[in-house]
Amino acid sequence: MKNILSALSLVTVLGLTSCDRSLTIVNPNQVTTESFWKTSDDALAGVNSVYSTMHRGGISRWMPFYYIIRSDEGRSQSPATDIVNNMDQFLITDYNYGNAYGVWNDNYIGINRANQVINYLPAIQMDETLKQRYIGEAKFLRAMYYFHLVTLWGNVPLVLQVSVVGDRPSSATSAQVWAQIEKDLTEAAPVLPTTYASAELGRATRGAAYALLARSYMQQRKYTESLTPLQWLADGEGKGIYALTANYRDNFLISTENNRESIFEWQFQINPAETTDDDTETPNQNYGTSLAQFFGPPSIGWSDGEANRWPTREFYEPTTTGARDPRLEASFLFDSTNVKGPDSTLIYGQTFTQRYGRDNKRVWFRKFQNDHWKNEEGYRSPNNWRYIRYADVLLMYAEALNATGKTTQAYAYVDQVRRRAGLPTLTAARPGLTQDQFLAQLKHERVTELSGEGHRWNDLARWGDLGPQLASRDPAFSTFVKGKSELLPIPQLDRDLNPNLIQNPNY
């Protein structure tokens, strides 16, 4: 599916320029809406541009900071105080903070590109089944971009038509945004294939639509509604498509991308000519991700984002063989990534002791780094971001079953995840848990399975656990303000241009 990156230049430029109606001089070489959207090749290039938005810096670099570093599992000790204040410590004074605005802007670029596909493809004469599939892919991606916006900002503009200069959409309620996400995914799922040929691996599938639909229901605490898509994935047709990999770390290596555990992942590759975070400047488009550089340990990367130490202590439960949980080594780089300690732990080709000394207690996220094949990082990482894994689906299903009074049934899905890690099944280790006890256990299971994958912030929000009480394990939460810090401020730049946008509470 890496070849989805080809044939993007025309349509991505179109996606950024076609809405500018204020120009009075027409460039005859400019691709316009009137000259595009004519053929099936145009349709393919159009839908590929919606995927390409994931390569933009606001999404592939900065958005994970807000889901990972802003949560209690991450922190920042960056010398860039703007990152520390805005992305970790809830000290937001600039409502136009550039990195946040990049996330906002790039998600809306993706939405506008999706809107073009959804609005213009119906008029193209082409194979009808393929047309509906392309529209389904665009609806899936539009839902994904809105999922990011609603979970980070809450009441955001709901734009469903191609944007034109002068548009001033009003803020929608979160409920309205969630309803559109549900609608897009419900319409996308039936027209999306369950699998693709190898050349197209990575495109949105029916399983991806059902998984994101379930995640959206759960984030609203609609646990009963989430059961249907989760059942399709865990017990229905999806059970024959997806499975846990035998080796946990295979989910984070470039050599084992798009495996059976992957339900949807963002596709990255190296473009040697890349000189920009943009994805529209031929031939210099960004096809990779620089997050590995920004999360890399000192002397390897910038170390602008790193892990707190407390999650490493969640892995202390021994496996059935007495060994350590293998997910710890796969998840974190720290003084004991190797169980033998800092003299045996390798950090990009050197021991931890050689790089940082024996007493350094800092921890870095290992997933999606590249230490398994090279001894440095850079701005062109090809390591795919695994956006939805089957293990996450199994744990979501267990949570939904427990929340709807089916705690006994929920055990089996946690058991699958623990068994892969070599742990005793929960059925054997902790039988007879109450609903509240099971949820507490599940919170632990999601840390050990999913740390550093961008789910923690939304998990805490869904459980109602965001608050200053988290300062005991993440000091940044000492400045968290209930009723304010759950959401980011709507960018003031947009509010100055559009008086219909309402600022979030207490900003």
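**Close-up 1. Helices H9 and H13 cross with left-handed geometry.** Left-handed here means that the near helix is turned anticlockwise from the far one by less than a right angle. The model is predicted: local features need pLDDT of at least 70, side-chain atom pairs count only at pLDDT 80 or more, and totals for chains, interfaces and linings use all residues. Residues are numbered from 1 along each chain as its sequence is written, and side-chain values use heavy atoms, without hydrogens and water. H9 spans residues 223–234 and H13 residues 390–403; their axes lie 9 Å apart at an angle of about 140°. Axes are lines fitted to C-alpha atoms over the stretch in contact, with angles from 0 to 180 degrees between N-to-C directions. Helices are DSSP runs (H or I, at least four residues) numbered from the N terminus.

Close-up 2. Nonpolar covers Ala, Val, Leu, Ile, Met, Phe, Trp, Tyr, Cys and Pro; charged covers Asp, Glu, Lys and Arg; the others, Gly among them, are polar.

**Close-up 3. Helix H6 packs roughly antiparallel to H7.** H6 (residues 128–153) and H7 (residues 174–191) cross at roughly 155°. Their axes come within 8 Å. This crossing is left-handed. Among the H6 residues in contact are Arg133, Phe140 and Tyr146. H7 contributes residues including Trp178, Asp184 and Leu185. The contact of H6 with H7 holds eleven nonpolar, five polar and five charged residues.

Definitions and conventions
Helices (H or I, at least four residues) and strands (E, at least two) are DSSP runs, numbered from the N terminus. Angles under 35 degrees count as roughly parallel, over 145 as roughly antiparallel, 65 to 115 as roughly perpendicular and the rest as oblique. Contact means heavy atoms within 4.5 Å.
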